[in-house]
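Subject: Structure handover

Hello,

Here is the structure I promised to pass on. Please open it alongside this note.

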Amino acid sequence: MRNLFCLNGEWDFMPLYDQPQCRSLPENIVYEECKVLVPSSWRRTYPQPDGKTFGKIPEYDYAPFDLHGYPAEWDAAEAGVLHRSFRVPESMAGQRIVLRLDGIMQKAVIYIDGREAGVWEDGYLPLRLDITSMVEQGREHQLHVVCSSFDTVLLPNGTSKITGLMGSWYGRISRGIWQDVYLEGYPVLALEDVTIRTSVREGRLEVQALAAGTAAAAAGRGPLKVRLSVWEKGMLRQGEEGAEFFVETAAAVPVLSAECLAELSDTAAAEKLRLCENTRDGAVYCASFQLDWNNARLWSADQPFLYTAVLELLEGETVIDRYTEDFGFREFWSEGPQFMLNGIPVNLRGDSWHFQGGLQMTEAYIRNWYRICRSTGINSIRLHAEPYPADYLRIADEEGMLIVDETAIYGSGKSMHADHPAYVENCRQHVRRLVQRDKNHPSVILWSLQNEMRWVDGRDGFKLHMPGLMEEIRQLDPTRLIIAEGDNRLLAKEHTEVESRHYNIDGTISQWDRTAPLTFGEHGGWWYICPQNSSMYTGLEVYRGTDESTTGLAQKERLFVEYARRQEVSGISTFNFAHYFMRAMPESDLTLPLADPAMPGVKPKRVPAYSLTINNGMLPEGYPLYIPNPAFAIMAEAFKPATIMAAEYNSWFYDDKPVVRSFDVYNDTYSSQDVRVEVVIRQGGKSIHEQTFRFVQQPAEHKVIGLEWMPIPAGDGEQAELTALLFHGGQQVHELHLKYTIVSASLLRQPVNLQRQAAYYGSDADFAYIRRLVPRCKRVDSAEVDRLAAGSLLIIGSYAEDADGTLEAGLQAFAARGGRVLLLEQSSLSPGRLPLSRRPFLRAHAGSYRHPVLEGFDDSSLMFWHAELREEGPLPIIRAAFEKPVPGDFTLLLECSSGDFGDGGDLWSPLLEYRSGAGLLLANQLELMANLEQVPQACLLLRNLLAHAGAPPAQASPCPGRRWRAPGGPPPRWSVPAVRPQPSWRGCGCGTRRWMPQRRHRARLTQRRARTCRTSA
């Protein structure tokens, strides 16, 4: 009854240079010798304002969009004419003939035999044109498609902005027919639209059918009716040899069937549901079914069972048209902050990426992406920044992937004049078409109205139209929630169905009132990957290479995900598994075997080097599904559905107090679980604590368990190990391993062996601690500093007052006489008036830990001094740090960073050593004194500082023998990671680095940051 004929293949092409908005056929058409393969884009690159070219890096011969080897000059053509001839197949004789183009970029005019058939400026959604009156059986027809750029308008400042919906990268780079082209043959009176709605709560199936045709086709017809039958399709399974097939039941009859009259309806009321963009008149009939169905097999993420609805349009008992549609019986809604799927609470754990055209349009790519995500605990995909090809929805239905279906209203590129009437009208038409295309897919759980329109010109005017655009969606589909991705601030509370934030820009989790679900549709910082942005989480190792840098960013994002899960955030999507957590492949260009160009689907001639992160089925046998980088495993662990996570983050403890720990237990599966947690703690080679927890845990439920244990005396320091096994119904689903450092509490009381006289200036509280460690230390005031003996040690307590500068002058004079100064953490007092940057720092790190002050420490010791984790990260261990000095003989013992969206880079030092003749100054900014009783690292570092500053001259070399080392810690490292080409360093024998005079370095590292171009959002 219906017929389909593919018009893909080699088309003639004429580029139109310097005519970006050309829409008419040229008088003199001259085609290139090289043909264009439809579907494809004739452009691979476009120029950027900075003079670079997007889509190509010449110095690396990197061109990921060059799939066909088209002439390079075509990239300059923003418009062009595509042509082919066709004949209407004999099988379509007497039928209604429809031309269908699934994707044309950007704005296009379609001509049949030189006559305009339609104009289209929705680059991502299908166009159907009724061309019955323009074609004849047995005649050859000429099809021309003139593709060009969107219309533009000028802002008052002279900036040019578009009024079309470009979406993300691909919409900017692409020109031409990038999806399949078909001729479709329909009965003259046909079913044009079917809407299927399922309600689990009401046990009901609703089906609405619209049939239409010309008035002549409807004239003289008897009563029309629609017959509905529902058949089980089943679930997709993989056979032994990898073939995919549907598991069907043995039922030979439909599970549900009904008939109803098709009643003549108002043509105008059905306008938004019509099949063809150029047909709005004629006769329209509607039929509606509301059927009770209480025993349907439900579609869910872990059991994606599908049905097939068959609708037949009958005149009497004669079937005149048949329409089939796969669907799943499911319902998705929210109750307060909780998403619900079929009555089961669901937490969304998501992924998303930018669509990049042909290589991502294969069945294998889509299915592999979904399956990779499922293997890591990801249950939802946001089709980001534009509507993706329809196969993404079909395959999601089969794979059980939950989809956030997004429009091409994409503000991050700032390409549009958002409140221009033409742009707003294009948005209105676009959201309607998206819902009409995708409304019957069970995988679609949320409509995403837009992405980050907060950046754009005309934002304040555009946001007034957002409620109207949401209403446009609801008219076609009132069953799904609507989200404005990253644009929560643009919607009033009464219009907010789901709160959406990107990168904490729109607020913090603490501001969430929990009246609606909260999702982070994008989070993480991988588009800014560089050492400066990640050293604050893993140390100077990040300067070794990209893997180390991505590890640092992953550790940061892991902390956020753990915090968000602990706060029971409804949806979290890190940006992203599909790309940033992978290595690119293949390593060289691959030439592909020739394929039949007339068949549906993309047919690249090659796969460019490093153009894929997921195997799309075009790579030779032996290529893996994907190649993860270190971030993948870290983030997969953070997203694991059934897991245990430590609720506290400090890991060093004194041996004289019980250790109290709590753990978050998550069940993000879709069923209730009988849970057992077995915990064993070992120290000194034997078990010192064992405990078992048993409980029933509901889907999406978060439980907290706690334990308390007493470490055994640690002597010089020991390591304790915790193992926690999580069982669901007797099956182990997770294993947690943690290591703790146990330190003897005697370090708080045992005196440090100083070989010099010691004096103290500062507060009473600090002096009480110092006297424990240095019993013979005497207290002095600022006036007595000048009378201290040369070679003695002066300890300055934390946050000393020096309003008139007397103390600083005295310290300088004392050091010049050969005195030694230990300056504890300060807010204003600094050696030589070094600038103090008053900001929090999460950690400190060194290129080498061989300096005696750092004995017992490594990269893991100088972070997580406190149990608590906040949304912005761990509690800081430094409140102010020195800007790295330029003049003077300083040794930077530790460095610290304020990367990511701060000033970036390791521009500060919280611990440095300065020598002037026989004098020595140790300046510390780590928060030691306030943390001695709770943080063993603070006590150990203070003891090391005292011992080094108070050592006799013969032992005051940079590298004396070590005194204490954390058990199980790495051996001392001699090598120093390569850090920055400037300023230069002079290595001391211990592997630490001295700062030598050079040009001012805070001019500024941020100006040289190795940031890549931001591609999100």
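Below is what was found in it, by topic.

This is a predicted model: local features need pLDDT of at least 70, side-chain atom pairs count only at pLDDT 80 or more, and totals for chains, interfaces and linings use all residues. Residues are numbered from 1 along each chain as its sequence is written, and side-chain values use heavy atoms, with hydrogens and water left out.

**The sheet**

An open sheet has 4 strands in the order 1-16-7-11, with antiparallel pairing. Helices (H or I, at least four residues) and strands (E, at least two) are DSSP runs, numbered from the N terminus. Two strands pair if DSSP finds at least two bridges between them. Strand 1 (3-6) and strand 11 are the edges, each pairing on one side only. On average, neighbouring strands are turned by 25° against each other, direction ignored.

Strand 1 is joined to strand 16 (residues 181-186) by 4 bridges. There, N3 has G185 as its bridge partner. Strand 7 (residues 96-101) is joined to strand 11 by 4 bridges as well. L101 is bridged to L127 in strand 11.

Strand 11 covers residues 127-130. L127 and L129 point one way, R128 and D130 the other, and all are buried. Buried means under 20% relative accessible area, exposed over 50%, partly exposed in between (1.4 Å probe, protein chains only).

**Helix packing**

Helix 5 (residues 421-438) packs on helix 7 (residues 466-476) at about 30°, with the axes 9 Å apart. Axes are lines fitted to C-alpha atoms, for helices over the stretch in contact, and angles run from 0 to 180 degrees between N-to-C directions. The two helices are therefore roughly parallel (angles under 35 degrees; over 145 is roughly antiparallel, 65 to 115 roughly perpendicular, the rest oblique).

Helix 5 contributes C427, R428, V431, R432, V435 and Q436 to the contact, and helix 7 contributes L469, E472, I473 and L476. Contact means heavy atoms within 4.5 Å.

**Backbone points to check**

Two peptide bonds are worth a look. V38 to P39 is cis, with omega near 10°. P39 sits in the loop between strand 3 (36-38) and strand 4 (46-47). M585 to P586 is also cis, with omega about -5°.

A700 has a positive phi, near 65°. Its loop runs between strand 43 (686-697) and strand 44 (701-709). A700 counts as buried because its relative accessibility is 14%. Y799 also has a positive phi, near 55°. At 34% relative accessibility, Y799 counts as partly exposed.

Best regards
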